Amino acid sequence: MKRKTIQQTLVFEAVNQLKSHVTADEVYDAVKKEHPSISRGTVYRNLNQLSENGAIQKVEVLGGADRFDFQCHKHHHVRCLKCGKIFDVDMEYVDGLENNIRNTRGFEFSGYDIMFKGLCPKCAK
């Protein structure tokens, strides 16, 4: 197991303090306020390491920037079509959905993400 660095701790704490589905740039801006010498590459690298280690969850957004979620349990998300923000969906996670695929192309499935879309209450007004 890799040793936890100070930079990794700063990035992890920023994701947890921001408490939303943040972009790498938002994390970088938050860390840079207190630690102006940190580089964007260091933040990006540590976000990816933290998500690979399961400390945070990476949410891939089609046509947009990846987001990072402080909640690591399996859950679904919804993206607002107007403002682009990502929110958690309040429903039970559907586990094992890939077992229902008629695998006619020979894929080895490793999982899936479900991203719902709609308008958030603020944008719907």
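Modeller: Histidine 77 has methionine 115 of β6 as its bridge partner. Bear in mind that this is a predicted model, where local features need pLDDT of at least 70 and side-chain atom pairs count only at pLDDT 80 or more, while totals for chains, interfaces and linings use all residues. Residues are numbered from 1 along each chain as its sequence is written, and side-chain values use heavy atoms, with hydrogens and water left out.

That pair belongs to the parallel pairing of β4 (residues 77-80) with β6, held by four bridges. Strands here are DSSP runs of E with at least two residues, helices are runs of H or I with at least four, and both are numbered from the N terminus. Two strands pair if DSSP finds at least two bridges between them. Further along, cysteine 80 sits opposite glycine 118 of β6.

Setting aside neighbours within four places in sequence, glycine 118 contacts Val78, Arg79, Cys80 and Leu81, contact being heavy atoms within 4.5 Å.

Now for the other side of β4. There, β5 runs antiparallel to β4, joined by three bridges, and arginine 79 faces isoleucine 86 of β5. Five residues lie between the strands of this β4-β5 hairpin, and glycine 84 takes a positive phi near 80 degrees in it.

Put together, you get an open, mixed sheet of three strands, ordered β5-β4-β6. β5 (86-88) and β6 (115-118) are its edge strands, each pairing on one side only. On average, neighbouring strands are turned by 30 degrees against each other, direction ignored.

On to the helices. Two packed helices are described by the angle between their axes and the distance between the axes. The axes of α1 (residues 6-18) and α3 (residues 40-52) come within 9 Å and cross at roughly 75 degrees; axes are lines fitted to C-alpha atoms, for helices over the stretch in contact, with angles from 0 to 180 degrees between N-to-C directions. α1 and α3 are therefore roughly perpendicular (65 to 115 degrees; under 35 is roughly parallel, over 145 roughly antiparallel, the rest oblique). Residues meeting across this contact include Val11 and Phe12 in α1 and Val43 and Leu47 in α3. The contact divides into six nonpolar, five polar and no charged residues (Ala, Val, Leu, Ile, Met, Phe, Trp, Tyr, Cys and Pro are nonpolar; Asp, Glu, Lys and Arg charged; the others, Gly among them, polar).

α1 also packs on α2, at about 110 degrees with the axes 9 Å apart, so α1 and α2 are roughly perpendicular too. Leu10, Val11, Ala14, Val15 and Leu18 in α1 meet Glu26, Val27, Ala30 and Val31 in α2. That contact has eight nonpolar residues, no polar ones and one charged.

What about the largest nonpolar core? It has 15 residues, and Val27, Val43 and Leu47 have the most contacts inside it. A core is a set of buried Ala, Val, Leu, Ile, Met, Phe, Trp, Tyr and Cys residues joined through side-chain atoms within 4.5 Å; buried is under 20% relative accessible area, exposed over 50%, partly exposed in between (1.4 Å probe, protein chains only).
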